[in-house]
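User: Could you please walk me through this structure? I would like to begin with its surface.

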Amino acid sequence: KSGGFNNNDAAGGNFEFNGEDVTSYELGLKSRFWNGRAQANIALFYNNYDDLQVSFYDGTGFQTGNAARARVRGVELDSRVALTDTLTVGVDAAYLDAQYKDYSGPCSTNSNVWGAECITSGGVFQDLTGKQMDSAPKWSTHLFADNDMPIGSNLYLNTRFDLSYSSDYPLQTDQDPTNVADSLLLADARIGLDSADGNWGIALVARNLFDNRITAFGGSAPLLPGVYWGDITPPRQIELSFSWRFGG
């Protein structure tokens, strides 16, 4: 990525930021087995960043700066298998180790959570080397089961269940302990009836079945240390849908 400029210098000496360089390595394997009914794909990746461009909130707005060095490595798995002619199940999983390797970054705009280094440096910078990068959960998993079975000669009954998990992660670069997205377990379910020719269908869908909610994005309120804002994930939603295809 090329470098650039912030729209103001409120961050103090952060008007200009450098370009970003990354060296990436990836090793993957794609496979099919059990007469093509099952597949499993795995990928290992390792990325080294120099001058990683990092966005942070300085109390009045978002600024972009550079972390001298950062490392992102992990593994991803994508698998699914057709257990029967109608039932397919799958598992997707990922482990992500994303951390700063050399970064003198901003302290929280809330001085009540400053560590000793922030106080010593006037609350401007802190050593974030070895800290987890924001918006980068270490663990994430998705499981699903999908069953599409015929009912007589003219109808299909489709049922699907999805379960997703994400571990906690910091929402802001400054590692403010208040700005953390907690681990989250989400479940979605669907039951539908479709015509064999695909011309019409009706479905009942439940999203976030367990009604679990976390702060998915947030930060400190401008000019109000100790006051925070956040965007909350949607609550449980129930939906009934009907579709009709014209001119089939």
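Analyst: Strand β17 gives the largest share of the nonpolar patch, four residues. Strands (E, at least two residues) and helices (H or I, at least four) are DSSP runs numbered from the N terminus. This is a predicted model: local features need pLDDT of at least 70, side-chain atom pairs count only at pLDDT 80 or more, and totals for chains, interfaces and linings use all residues. Residues are numbered from 1 along each chain as its sequence is written, and side-chain values use heavy atoms, with hydrogens and water left out.

User: Which residues make the nonpolar surface patch?

Analyst: I191, I202, L204, I238, L240, F242, W244 and F246 make a patch of about 920 Å². Areas are Shrake-Rupley values with a 1.4 Å probe, with only the protein chains shown as cover.

User: Which elements give two or more residues to the patch?

Analyst: They are β14 and β17, the latter covering residues 237–244.

User: And F242, is it buried or exposed?

Analyst: F242, in strand β17, is exposed because its relative accessible area is 55%. Exposed means over 50%, buried under 20%, and partly exposed in between (1.4 Å probe, protein chains only).

User: Let us go inside. Which residues in the largest nonpolar core touch the most other members?

Analyst: Of its 14 residues, L52, Y100, Y103 and M133 do. The elements that give two or more residues to this core are β4 (38–57), β5 (62–82) and β6, and β4 gives the most, with five residues. A core is a set of buried Ala, Val, Leu, Ile, Met, Phe, Trp, Tyr and Cys residues joined through side-chain atoms within 4.5 Å. There is also a second, separate core of five residues, which includes Y169, L171, L184 and I214.

User: What is M133 in contact with?

Analyst: Apart from neighbours within four places in sequence, M133 is in contact (heavy atoms within 4.5 Å) with L52, A70, R71, V72, A98, Q99, Y100 and P170.

User: Q99 is on that list. Where does Q99 lie?

Analyst: Q99 lies in strand β6 and counts as buried because its relative accessible area is 15%. Not counting residues up to four places away, Q99 touches A70, R71, G130, K131, Q132 and M133. Q99 and R69 are 30 residues apart in sequence, yet their C-alpha atoms are 9.2 Å apart in space.

User: How many bridges join β6 to β9?

Analyst: Nine bridges join β6 (residues 87–102) to β9 (residues 139–151), and the two run antiparallel. Strands pair if DSSP finds at least two bridges between them.

User: What about β9 and β10?

Analyst: β9 pairs with β10 (residues 155–166) over twelve bridges, also in the antiparallel sense. S140 has S166 of β10 as its bridge partner. Three residues lie between the strands of this hairpin, where G152 takes a positive phi near 70 degrees.

User: Which residues other than glycine have a positive phi?

Analyst: Among them are Q175, with phi near 60 degrees, and N208, with phi near 50 degrees. Q175 is in the loop between β11 (169–170) and β12 (180–181), and N208 is in the loop between β14 (200–207) and β15 (215–220).

User: Is N208 buried or exposed?

Analyst: N208 is buried, at a relative accessible area of 5%, whereas Q175, at 23%, counts as partly exposed.

Notes
Patch = residues over 30% accessible without salt bridge, like charges linked within 9 Å, V, L, I, M, F, W, Y side chains within 5 Å. Salt bridge = Lys/Arg side-chain N within 4 Å of Asp/Glu carboxyl O.
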